[in-house]
Amino acid sequence: MSSMQPNFSANATFVRPATFFISGFSNVPHAKYYYVFLSLVYVVTVLGNSFIMCVIYLARRLHTAKYIAVFHLALSDLCGSSALIPKVIDTFLFEHQVVSYEACLANMFFVYHFMNLQSLTLLVLAYDRLVAICFPLRYHAIVTKPAMFLIIGVMWMLSVTFFSVLVSLLNRLSLCRSNVIDSYFCDHALIYRLACNDNSINILIGKISFGLLICTPLILIIITYFCIFLALLKIAHGADRIKAIKTCTSHLILVTIGYLPLISNNIASITTPFHPNTRLLNNSLTQTIPPMLNPIIYTLKTEEVMQSIKELYKRRKETICTKRRRIQQTYL
């Protein structure tokens, strides 16, 4: 219980806890089985995203603007899961629930930053499909590798700037109510609610964050696919229309997996009284499962990736056979 007692550094008007106590999964029955499950999810996430990044790097046919965005999605998924899952396992499985103030804010920044990059990258991939289907003759002139690097660079600058501001604004709060965070990571909303002074600007930036992270990209993706749908109606031949739809299938599945559970959780939390344990489990699964599934979907549902994997395997096999023949000739 001593870890539950706040260790405050304060003067007469301002209170800042030296540590926070992350209490999230403490009351979940049989939680250790869930931590084992998260460990497996993390292993699959690391292997899957590392695999898809290696395939894109090694296969020359995938050195295109579109697959720069796919590579970035895999990198964001890998970094986002690495910022969250190992910390959750360390916190609850190994009972390191006391975390320093600075480490808490740093973890918050990286979790939100990579979540935002995942969301924005899905939007970039929707833009890629929009240009490919609506402006096929100008696609290679519009969606170029320099343009894609520029878009990703702007995404990083905007995300780093915004979430640096979001995190740094917490330093102005006097957190005198408690140092206990009832979540599985350093949740921004739960921290600013511990404040005794005015936290209205933190509430505002939290709402802006929700709009930036979820609402705006999703709305733009819906608009993008509405435009794609109109363009598909203009395609005369059914075979060409089906071919165009197939190029969007993997991205649509990623968008559904990424956004549907997130939106469902937020709507359910407003309309239905959730048990705290259910809310925590739903939120954690929403953050951890999509990064695991994304590379699997892109591998299985994208013909270019599957063909590249076959070519790399064939090339590797030929290289091994050539080395064996050389060794045999040397001994002969």
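Here is a short chat about a predicted model of one protein chain.

Modeller: Ground rules: residues count from 1 along each chain as its sequence is written, and side-chain values use heavy atoms, leaving out hydrogens and water. Since it's predicted, local features need pLDDT of at least 70 and side-chain atom pairs pLDDT 80 or more, while totals for chains, interfaces and linings use all residues.

Biologist: What share of the 332 residues in the protein chain is buried?

Modeller: Buried means under 20% relative accessible area with a 1.4 Å probe, protein chains only. Taken over the 332 residues, that gives 44%.

Biologist: How far apart are the end C-alpha atoms of residues 109-127?

Modeller: UniProt's unreviewed entry lists that span as a "transmembrane region", and such annotations may be inferred rather than shown by experiment. In the model it's 100% helix and 0% strand, going by DSSP runs (H or I, at least four residues, for helices; E, at least two, for strands). Its end C-alpha atoms sit apart by 27 Å.

Biologist: Are α5 and α7 roughly parallel or antiparallel to each other?

Modeller: Helix α5 covers residues 145-168 and helix α7 residues 200-233. Their axes, lines fitted to C-alpha atoms over the stretch in contact, come within 10 Å and cross at roughly 150 degrees, on a 0 to 180 degrees scale between N-to-C directions. Angles over 145 count as roughly antiparallel, so the pair is roughly antiparallel.

Biologist: Which residues of α7 make the contact with α5?

Modeller: Contact means heavy atoms within 4.5 Å. On the α5 side you get F162, F163, V165 and L166. Facing them from α7 are I205, I208, S209 and L212.

How values were computed
Parallel < 35°, antiparallel > 145°, perpendicular 65-115°, else oblique. Buried < 20%, exposed > 50% of the residue type's maximum accessible area, 1.4 Å probe, protein only.
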